[in-house]
Amino acid sequence: TGFGVLSGVVGTATSIAIGIGLFPVYVFFFSWKWPAVAAWPEPLIPLSCRAPVSEVVGKMDKAVGGYFRTRLLIALIMGVMYATGWGIAGVPYWLLVGMLGGLLGIIPYAATFAWLAAMLLRFLELENGISGVSDWLSILLWPTLVYAIVQASDDWLLTPWLQGRELDMSFVTIMLAVLIGGAVAGLLGMLMAVPAAACVRIFWAEILRPKLMDYAESH
């Protein structure tokens, strides 16, 4: 029924809004507690292997920090691009909506909500004076075109160039990690998927792969 569909849409939108609202809380506590989390197992590690394990953990720590630094830089660049494009497209409050899109861009694809807001604001501005196709184009086409250009720049340029270089991961690996993280844990999963994948890659390269090669050569 229509009520059921409406309830589902409202429920989904509420869940997503709560996830986005909790994002700064996640980032704050994760950043605050991470040094303690990374350091607490060290006394439990045998002295014979403490140094190599500490080196691997240090590389993981650097990868996690690098991910958040580059994600913030990408979000800033996206915010400037959104604000500029939507300002040219005549979206009201273009600076605020554009920077909001950049902030949401910290979570991959969450900037979709800023795009919807841009179209809604443009519609409300023209609601009483819509006269033809050109007005509908200004409501739907131009904000969408800006969103598509900025999102494509993130997908094909900013993320592979900045994050890929920082984490030594290919674009395909990053996108696959984001998709898996989103399927498993929603917005939080999308946020944490790439640093988790970077840590797994380091564990494989520094610990698991050498042990498997030694085993293969000795048998």
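The model is predicted.

**Exercise 1.** Determine how far apart tyrosine 82 and tryptophan 86 are along helix H2, and how their rings are arranged.

*Solution.* 
Step 1. Tyrosine 82 and tryptophan 86 both belong to helix H2 (residues 47-88); they are four residues apart, so about one helical turn separates them.
Step 2. A pair of aromatic rings is described by the distance of the centres and the angle of the planes.
Step 3. For tyrosine 82 and tryptophan 86, the ring centres are 4.8 Å apart and the planes stand at 20°. Planes under 30 degrees apart count as stacked, so this pair is stacked.
Step 4. Tyrosine 82 and tryptophan 86 are both buried.

**Exercise 2.** Classify the ring pair of tyrosine 82 and tyrosine 147, and locate its two members in the chain.

*Solution.* 
Step 1. The centres of these two rings lie 6.3 Å apart, with planes at 15°, so the pair is stacked.
Step 2. Tyrosine 82 is in helix H2 and tyrosine 147 in helix H5 (residues 133-167); being 65 residues apart, they link distant parts of the chain.
Step 3. Tyrosine 82 and tyrosine 147 are both buried.
Step 4. Ring pairs join Tyr82, Trp86, Trp115 and Tyr147 into a cluster.

**Exercise 3.** Describe how helix H3 packs against helix H4.

*Solution.* 
Step 1. The axes of H3 (residues 94-104) and H4 (residues 112-126) come within 8 Å and cross at roughly 160°.
Step 2. Angles over 145 degrees count as roughly antiparallel, so H3 is roughly antiparallel to H4.
Step 3. The crossing is right-handed.
Step 4. Val97, Leu100, Gly101 and Leu104 of H3 meet Phe113, Ala114, Ala118 and Leu121 of H4. Of these contact residues, seven are nonpolar, one is polar and none is charged.

Note on methods:
Residues numbered from 1 in each chain as written. Predicted model: local features only at pLDDT ≥ 70, side-chain atom pairs only at ≥ 80, totals over all residues. Heavy atoms only, no water. Axes fitted to C-alpha atoms, helices over the stretch in contact; angles between N-to-C directions. Parallel < 35°, antiparallel > 145°, perpendicular 65-115°, else oblique. Left-handed = near helix turned anticlockwise from the far one by under 90°. Contact = heavy atoms within 4.5 Å. Nonpolar A, V, L, I, M, F, W, Y, C, P; charged D, E, K, R; others polar. Phe/Tyr/Trp six-rings, centres within 6.5 Å; stacked < 30°, edge-to-face > 60°. Buried < 20%, exposed > 50% of the residue type's maximum accessible area, 1.4 Å probe, protein only.
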